[in-house]
Amino acid sequence: ESPISVIITDVDGTIEYVNKKFTETTGYAAHEALGKKPNILSSGKTDPSVYETMWSTLLAGNNWSGALLNRKKDETLYWKQLSISPILDDDGQVINFVSVGEDITDQQRLQMERDDALHMVSGSIQYASRIQRSILPPDRVLEETFSDYFVLWKPRDVVGGDMYWHRAWGDGSLIMLGDCTGHGVPGAFMTLISNGALDEAYLETPPGDPAT
């Protein structure tokens, strides 16, 4: 009555015992599984190197755990979290393997959905960073204007509310350093608004009066 499926195999991997939960999870009755190899559950979608590592670990007398994408009797794919342990005789030789497993398909689906959402958000923020960088003065302009300068612009959240702005102004240059309200994307939006306001003020203000 275990809530997790249990398989016991001999040292060659031939199934000698399965419990009720195994049948509920895989669809294979005990008489259909006994005498077979666990690869009756193989989906063909797990990297072969995973199985190679599994067997080398087990035959060395060590425990192995991991997740496999398996196939039920009705061809349905499902994710299974497995923990396999060798059973040793009095001489320390491996005589059986005990595998306990849990269907984690729902957890894997939720994880993939979270990963997809994170990828979409991260991609959007990275693109927003390109947009924000495009409003900052190009290095070549600053190199042409100043003999010695440096810029250290490192937004905490890829994008943010810090900005710098430069224009030629009369016989000199006008530089603004701005710390706009907000962090992340809201702060980045504020820098775009501020950049536009500075451009407008630049066109409306006679050179030489920074306060105005």
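Helices, taken as DSSP runs of H or I with at least four residues, and strands, taken as DSSP runs of E with at least two, are numbered from the N terminus. On this definition, Ile104 lies in the loop between strand β5 (94–103) and helix α4 (105–134). The structure described here is a predicted model, in which local features need pLDDT of at least 70 and side-chain atom pairs count only at pLDDT 80 or more, while totals for chains, interfaces and linings use all residues. Residues are numbered from 1 along each chain as its sequence is written, and side-chain values use heavy atoms, with hydrogens and water left out.

The protein contains six helices and seven strands, which follow one another from the N terminus in the order β-β-α-α-α-β-β-β-α-α-β-β-α. Its radius of gyration, taken over C-alpha atoms, is 32 Å, whereas a compact globule of 212 residues would have a value near 17 Å, the globule rule being 2.2 Å times the number of residues to the power 0.38. The C-alpha trace spans about 90 × 35 × 25 Å along the principal axes of the protein. Of the 212 residues, 28% are buried, where buried means under 20% relative accessible area, exposed means over 50%, and partly exposed covers the values in between (1.4 Å probe, protein chains only). The protein exposes about 13,600 Å², of which carbon and sulfur atoms supply 55%; such accessible areas come from the Shrake-Rupley method with a 1.4 Å probe, and for residues only the protein chains shown count as cover.

Contacts (heavy atoms within 4.5 Å) were also examined by their separation along the chain. Among those between residues at least 6 apart in sequence, 45% join residues at least 24 apart. As for charge, the protein has 17 positive and 31 negative side chains, and the centres of the two sets lie 7 Å apart. In this count Lys and Arg are positive and Asp and Glu negative, with His and the chain ends not counted, and each charge is placed at NZ of Lys, CZ of Arg, CG of Asp or CD of Glu.

Strands β3 (64–71) and β4 (77–88) run antiparallel and are joined by eight bridges, with Asn70 standing opposite Tyr78 in β4. These two strands form a hairpin with five residues between them. Glu75, in the loop between β3 and β4, has a phi near 80°, a positive value in a residue other than glycine. By contrast, most residues other than glycine have a negative phi. At 51% relative accessibility, Glu75 counts as exposed. Strand β4 is also joined to β5, again in the antiparallel sense, by nine bridges, and Leu88 has Val94 in β5 as its bridge partner. The hairpin of β4 and β5 likewise has five residues between the strands, and Gly92 in its turn has a positive phi of about 85°.

Apart from residues up to four places away in sequence, Val100 touches Ile4, Ser5, Val6, Gln81, Leu82 and Ser83. Leaving aside neighbours within four places in sequence, Ile104 is in contact with Ala67, Trp79, Lys80 and Gln81. The C-alpha atoms of Ile104 and Lys80 are separated by 5.5 Å, although these residues are 24 residues apart along the chain.

A further antiparallel pair is formed by strand β6 and strand β7 (residues 172–183), which share nine bridges. Strand β6 (residues 160–169) is mostly covered, since seven of its 10 residues are buried. The bridge partner of Gly160 in β7 is His183, and the hairpin has two residues between the strands, with Gly170 taking a positive phi near 60°. Val158 is partly exposed, with a relative accessible area of 32%.

Key: Pairing = 2+ DSSP bridges.
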